[in-house]
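Here is a short briefing on one part of a fold. Have the sequence and the 3D view open as you read.

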Amino acid sequence: MIWNEAKECMSRDEMQNLQSKRLVKMVDRVYHNVEFYRKKMQTMGLEPGDIRGIEDLTKLPFTTKTDLRDNYPFGLFAIPQSEIVRVHASSGTTGKATVVGYSRRDIENWQECVARVLAMVGLGKEDKIQVSYGYGLFTGGLGLHYGAENLGATVIPMSSGNTKKQITMMEDFGCTAIACTPSYLLHIIETLEEEGVIDRIQLKAAICGAEPWTENMRKEIESRLHINAHDIYGLSEIMGPGVAADCEYHTGLHVYEDHFIPEILHPDTLEPCKSGEIGELAFTTITKEALPLFRYRTKDLTSINYEKCECGRTLARISRFKGRTDDMLIIRGVNVFPSQVETALLELGETSPHYLMFVDRVNHQDTLEVWVEVEERFFSDEIRKLEYLTGKIAHVLQQALGLSVKVKLVEPKTIERSEGKAKRVIDKRKLV
Amino acid sequence: MAIKQLSVFIENRTGRLEKVTETLKENGINITSMSLADTSEYGLLRMIVSNPNEGKRVLKEAGFSAMLTDVLAVKLPNKIGMLHELLKVLEDVNIEYMYALATNENASMVIKISDIEAGKQSLVKHGFELVSEEIAYKINES
């Protein structure tokens, strides 16, 4: 179902007009209310009047996570604190937390975007949606929660963790959809299988995001649970989950362009990429009141497609993420993304989808070791067969990465299961 | 008749083998025979135990990859040349691995072969006696 046909199916011309109108107003408001941007624009010799429409978007300065940190906590807010109704913050695993704020109107727009996603997934008032993202400063839990309420569905606010309880509620309440990270959903599936209750649950859809995952992982989730799994994208700096999501055709994630203008930038030059080219995704928010951002660099790598989708939506689609500019490992000069390892392992289909990449430097030479778990269905009492399996995995990975890989078989459940974002890489190289 | 061997995947990490024996001990399962195959990264522990199904269940619960495999246990009179006789009988099947099964009187061998049925028939035809499940699992229990 299309939640807001007027916005999701408007023609490209109408969309560009709407974006232009909103952008011009936003630039004016930001210039007068946010010192950081005013100073930046003044240094560049740019006045609000210079931005007359989206064709002038590229004149605006970029924003990075560092800018948010430098203005910690509320320095970039464009409205008085009395108008802020909520804040969220990123986990700050790579530095100081980044804090984001919302006006009442921002929260309403967020609920609208998430309701669009859930309707696109095929959910409605009759559905019971289990929200297993963490609740709190992280945007995942509350973002999905209010969107699902806006849709009119019944929300089960589980938050993450306590998998046994998740499963009990899922079964007892007859939950029809779950929202969580894909790696946590895999962990839930494993537990359902172990408990032998997988046939008793009534899930029909999963809304997964907050970490990169592959098309194969989506198919694996779908076939093991007999459901539809959808990719939801978002980041707290821009709003939270619901910036984009994929429809039933899974040919890219529809971006809610009436709120966020996407751009794809060449990772080195930061010049706009051609349609279809892979580059870094950047967003300019055009309705945000509390924390409007110009050309915020997400570090996520993707490409964009403006063609109308088979589902009827005209919203631009960004392709499934190829990785993040900061996830990319350079091993012996070769660019490696963890998602390549995941794709290769799932295509082989002979190991569990849990893996860990160990990168080290021995005698000035980079080494890559990939740990895979020996699942019961692939275990053998014969060393010959286990060695054959190791060799086959190493071969497939070498083909995929263009790099020799040492494969290590480990006991099941050795690789840490994450209830939030999965940790896939340990880089022990000390660069001196 | 084939008997069930319990096989477990063990990483080369401190205390993993001990965790297996601890799990079996706590669940009252006796190990009547075992063999440990090792590689540089991991080991494979193969055992004949008093209750193979229960053994597999408790090890899985403890987080191990464990499986049951059909193997043959053959009685061998304690005389010179008997192992040689046994192998001659099995020359048409591929022996994957073998190890000794502890018994009170005679020796016995546990053998994993490519074709259990063919191997079994040859052995019986040449007068070798197979150890039954009841006996193999309860050997040495007084």
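Strand 19 (residues 365-373), helix 11 (residues 383-401) and strand 20 (residues 406-410) of chain A form a right-handed β-α-β unit. Right-handed means that, with the strands pointing away from the viewer, the path from the first strand over the helix to the second runs clockwise. Helices (H or I, at least four residues) and strands (E, at least two) are DSSP runs, numbered from the N terminus.

The model is predicted: local features need pLDDT of at least 70, side-chain atom pairs count only at pLDDT 80 or more, and totals for chains, interfaces and linings use all residues. Residues are numbered from 1 along each chain as its sequence is written, and chains are lettered from A and ligands numbered from 1 in the order in which they are written.

**The sheet**
- An open sheet of 4 strands runs in the order 20-19-18-21 of chain A, with mixed pairing (two strands pair if DSSP finds at least two bridges between them).
- Strand 20 and strand 21 (425-427) of chain A are the edges, each pairing on one side only.
- Strands 19 and 20 of chain A pair in the parallel sense over 5 bridges.
- Val370(A) has Val407(A) as its bridge partner in strand 20 of chain A.
- Val372(A) stands opposite Leu409(A) of that strand.

**The helix pair**
- Helix 10 (residues 338-348) and helix 11 of chain A pack at about 135°, their axes 9 Å apart (axes are lines fitted to C-alpha atoms, for helices over the stretch in contact, and angles run from 0 to 180 degrees between N-to-C directions).
- The contact residues comprise 8 nonpolar, 2 polar and no charged (Ala, Val, Leu, Ile, Met, Phe, Trp, Tyr, Cys and Pro count as nonpolar, Asp, Glu, Lys and Arg as charged, and the others, Gly among them, as polar).
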